[in-house]
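User: I would like to learn how to read a few features of a protein model, step by step. Could you take me through them with this example?

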Amino acid sequence: MLGAIILAPLVGAAILGLFGKRMGERLIGLIACSTVAVSAILSFYLFFKHHAELEQGQKFYEYLFTWISVGTFRADASLLLDSLSAVYILFITFVAFWIHVFATGYMRGDTGYWRFFAYMNFFMFSMLTLVLADNFLMMFVGWEGVGLCSYLLIGYYFTKDFANDAAKKAFIVNRIGDFGFALGVMLLFLKAGTIFYFDDPDRGIHGAFSWAFSQAHDPLAWSAIFAGGMTTIAILLFVGATGKSAQLPLYVWLPDAMAGPTPVSALIHAATMVTAGVYMVARASSIYTHAPTAMLIMAVIGAATALFAATIGLAQWDIKKVLAYSTISQLGYMFLACGVGAFGAGIFHVFTHAFFKALLFLGAGSVIIGMHHEQDMKRMGGLKKYMPVTFATMFVGWLAISGVPFLSGFFSKDEILYRSFITDGLPEPWPVILWGVGAFTALITAVYMTRLMVMTFWGKARFGDAHDAGAHGGHGEEHGHGGLPRESPRSMVLPLVVLAAGAIFAGYLGVPEGLSGGKLPNYFEHFLEPSIARSKVPSGDAQANGSPHSPSGETTIHGAVVQGSAEVEDHSLERMLTGVSIIIALAGIGMGWVWFGRKPLWEPPSLLEHKYYVDEVYDATVIQPIKVGAINVLWKFIDVRIIDGFVNGAGQLAGLVGGGLRHLQSGLARSYVAVVVLGALLIIGYFVMR
Amino acid sequence: MVPLSWYLGLSALLFTIGAVGVFIKRNAITIFLSIELMLNAVNLTFVSLSGFFGDVGGQLFVFIVMTVAAAEAAVGLAIIISIFRNRESLNVDEVDTLKL
Amino acid sequence: MTNLLLEWVIKTIVILLILVTAVAYATLMERKVMAWIQMRVGPNRVGLGKFRLWGLMQPLADGLKMIFKEDIVPLQASHWLYIVAPALSLIPALMTFIVIPYGSQITLFDHTIELHVTRLNVGLLYVLALTSVGVYGIVLAGWSSNNKYSLMGGLRSSAQMISYELALGLSIVSVLLYTGTLDLVEIVEGQQGFHGLAWNIFHYPLLILVFIIFYIASLAETNRTPFDLPEADSELVAGYHTEYSSMKFVMFQMAEYLNLITASSISTTLFFGGWNGPFVGRLPLLGPVYFTVKVFVLIFLAMWIRYTVPRFRYDQLMRFGWKFLLPAAIVNIIISSTVILFMR
Amino acid sequence: MGQEKVLFIVFAVIAIASALNILLQRNPLYSALSLIGTLLALSALYVTLRAEFIAAVQIVVYAGAIMVLFIFVIMLLNVPKDQPQVEKQKGLRYLAIPFAGLMIAEMFYVLRPIRLSTLPPVPSGNAEQAVGTTWSIGTSLFTDYLLPFEVTSVLILMAVVGAMVLARREGD
């Protein structure tokens, strides 16, 4: 069954890749959507059939074949379904299905229709492999597969230079992260002797996580990073996550990745692939909980990324770029959650974010199509009356991401902020700092999202006026005459509505107990508990009993004890912080509304508009030195002198030897016979004389 | 009865004659014939050992050698024909450029 | 031991004499059949003194004539091969007969005599081996004459024989599948029952197809019209025996008719019950009679075909052999083995 | 001297004489005919070794098919006699003698200790199934040696295709 889930999209990809060129658009769309639908239906079926067992922590394996077995190293092609991967495949296949549906409309008339859907299906295969793998090497296969698909789809418009450049940038930056990931897996194997996640007695497999549990906690110290132990593994894996999930300092590829078609941005660069890093960190939570240094670094980087990207997002004019920075920022929140030990909250945010960010991207795609391929917000405005459904659904997404109460984003973001405030895994004063950064970021988030909405849907219509956009004048003339904006076709609107519903209601699966007073069970986190390691107090062994900092029983994510004490806990702190969050969100929206409602074309500080000049800094500090070194050292010295010298020398040597040996190869059959006979005689003679 | 060693000795002689033929003849067809002679000498060894040891395997081997010889003759003669077409000669000492 | 040897010698000599006589009268028969088919009378003059005897003495006269002809060896011919070639073509044709049974057994002077010279457990393979060796006479005759027509005849002959030998051998395989033995004596004995009429061709009706393939292939093997390209007189003068005269020519002619007789005998043995016929169990002497009659019926069939069907063109001949006869034989094997599989 | 030994010597002499004749003849056709002589003599020797099937197949396949093919090609090419006789390595001709001597010496040295002189008795009662009969060869061929048999058929197929490709003229 699990095999069928990952294979269905692969079959679709194979069919489309091999025969798609001769198919019609309807058939291609049908195949692409139906294979993903198969995966989705199977995922839901498995989930509802087994959710009780999954909640108990049972794991379902599906062994396909032994992939590599060398010495003690073993890697199986085998799949694992536990509560974590179950959650992932549910929302991946669900969101992906609707994005596929959306794409059938969005890509209409494109010459590479079949190619697009072949890549998309292959992406689904890779992503599901990543999620369902039961060892790190299989995960790495999926990891690289999604990277490949990302590359292919970013560079989908391969006739355009900027798309190719963006694709290459994404690939190369990801390569840095992947290298870290691979090193981490190798080190893990070296230390643990296995790359499987869990024990599986049926196959006689020892899991890396049970090894991790048997180890002592690393100390919270810089030296631990370089000690080659658990912390080093965790840091290396986190390097991989920063690449894939676009965290500082490797986030630079994601904004450029918007060069791909919008459904790609929605599926790969918002909802699924970029959250693979969070998935991996949550999956390896047993390792992270033993490496507090890595947790601290992860939390700080997450928070920093969130703030950093949010501020850049304030100053972008391209509607997709705004969303891209927003994605980076939200990913930062997720890592912040993981870093403070709230893995469940992080995954919950992944889950809700998948809905509202996919919704926002698809809405943006709908706007772009409606505007006849215009992405610049300067040339939008007043679209509300032209695209009512798009507006309505994006409105939902806007409120959800801004943290307006009772929408999905509110619950998950609030949970993260609360957890970072009360975390006991980090030394003082980090929890407060992290909470502060997170809260401030929430404010900025609300502001820039309001800016986006205001510039796009409210105010004066700025399209059709070619002289308005200054530098983009020529651009406007090309596209500006396509007539008035109009609402998108039904195949695009329907996914928007479905995802909007998701953005509203997804949050109710995981309402924090503090808010509901325990009336509503936090179903989501209970479900995830068995798959995620418990965050541990670094100083003591009082793992099971709450923590001194926490007024709440939910300070740690672990199960039984928390439940036992939860009922008597006081939720006042949590409720107070929630109130602060609500105020922040409403304040952000209000600020944005007032400011940008009045001056929608307000020029932001150039530092922000140029993204803190990070690309320029990277160019100067990393790329130029590499280029200079490559040209002067690698090319002109090593390649020309040494390697070519070796190659040419080898060639000349071979020429010399051949010149000598040529006389043996006379072409005269009889001399060959003479040699053969001589050899035979010698061999027989050897055996005779022996 | 005829001792086994007589058969094997005859086989050895025939094989040597075949080998000498490959050595000293220059006509490609004659060389080919000498090779066939060597194959037959080996066949004789197989058949005689098969007979004396009462094991049918040797004769099966001969059977297969014959089919291989047939295949070899087909390909070999085709090569000889195409060489002759190109060079008007069957002298192996003239065909030494390692190409047609 | 000596008794047995004596028996062999006597049987061999008798067979040889009978065969030579049969060949002689086969030529006469050929001329008569040809004449009748062409609405003529044919040779009817040569008799004993005043008795014409429907020209029965014609073969004798022909033989005498040929013996007294001048024996020519071309100057540029490869002398030794030129002389050996006719013998090479005659001897295998004669040798075939030692394995063909022409009767069950008769008692003569208190001595039971098996009516076949010898029995081999690979009898049929022996026949095939001799058939395939028989081509050398023709090929070498063609080559040694140092005459382009002869050479062409020899080349055509060797190609034709290799091609049709495959169909011949493969069609026999179907028969072997039914009989389960290579021994000709056993094959004939297997066809005894039902008053001597349990012939293979009645017993296994599928063998009719096999027989047709076999007969066509053996006509080609014996270089009979419509497969007489090696001696096609309109193209190659007289083919491989253009240069031959006198007794050497006679030997080629004899070999040709002997091959025809052999092919007919094998057909009889394999398909038509050999010496079997009604009452042969009670009266063993009937065996050779039945056998002879059957053989001559088949020979008549060959002559009938010869004077009815035009000659193939060379490429048609090859195409027919490789693209029709051979596949047909293979299909037959498949069908036969399937049938046998279900019969058991 | 027993009957078998006489037979052996007769056929052995024929075989060796024919084999030597292959080398002595200048015309490949005569060489080919000599080889046929060797083949026939060997076939007779096979019969003395109770390998009737192989003996018959030897004639059918070797003498009847392979050698006919050789002769066909020799006649088809019909190489003119006045060809220049280029010989690029004259030394080989003289090297052949010591090599041959050494080879024979070695082989007879190996054969020296072999003492076996009687064929195993034919199992009474089932002479049909003794080693060397069609039955025994067919049975082994289609049971124990089925794979080699099938592989051989593939080999022949390849040879047929190869021969076709090699021998056809350009543009045929």
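**Reading backbone and burial**

Analyst: A246(A) is buried, because 30 other C-beta atoms lie within 10 Å of its own and 20 or more are enough to count as buried. Please keep in mind throughout that this is a predicted model.

User: What is the phi of A246(A), and where in chain A is this residue found?

Analyst: The general idea comes before the case: most residues other than glycine have a negative phi, and most peptide bonds are trans. A246(A) is not a glycine, yet its phi is positive, at about 55°. This residue is found in the loop between α9 and α10 of chain A.

User: Which residues does a cis peptide bond join?

Analyst: The bond to look at joins L248(A) and P249(A), where omega is about -5° and the peptide bond is cis. P249(A) is found in the loop between α9 (230-244) and α10 (253-256) of chain A, and A246(A) is also found in the loop between α9 and α10.

User: Which residue of chain D has a positive phi although it is not a glycine, and is R50(D) buried or exposed?

Analyst: In chain D you can look at R50(D), which is not a glycine but has a positive phi of about 65°. Its place is in the loop between α2 (28-48) and α3 (52-77) of chain D. R50(D) is buried, because 21 other C-beta atoms lie within 10 Å and the cut-off is 20 or more.

User: How many helices and strands does chain D have?

Analyst: Chain D has 6 helices and 0 strands, and from the N terminus on its elements run α-α-α-α-α-α. Of the 172 residues in chain D, 36% are buried.

User: How many residues of chain A are in contact with chain D?

Analyst: For an interface, you can count the residues on each side and then sort them by class. Here 9 residues of chain A are in contact with 10 residues of chain D. The side of chain A that touches chain D has 6 nonpolar, 2 polar and 1 charged residues.

Note on methods
Residues are numbered from 1 along each chain as its sequence is written. Chains are lettered from A and ligands numbered from 1 in the order in which they are written. This is a predicted model: local features need pLDDT of at least 70, side-chain atom pairs count only at pLDDT 80 or more; totals for chains, interfaces and linings use all residues. Two residues are in contact if their C-beta atoms, placed from the backbone, lie within 7 Å. Ala, Val, Leu, Ile, Met, Phe, Trp, Tyr, Cys and Pro count as nonpolar, Asp, Glu, Lys and Arg as charged, and the others, Gly among them, as polar. Helices (H or I, at least four residues) and strands (E, at least two) are DSSP runs, numbered from the N terminus. A residue is buried if 20 or more other C-beta atoms lie within 10 Å of its own, exposed if 12 or fewer, and partly exposed in between; C-beta atoms are placed from the backbone.
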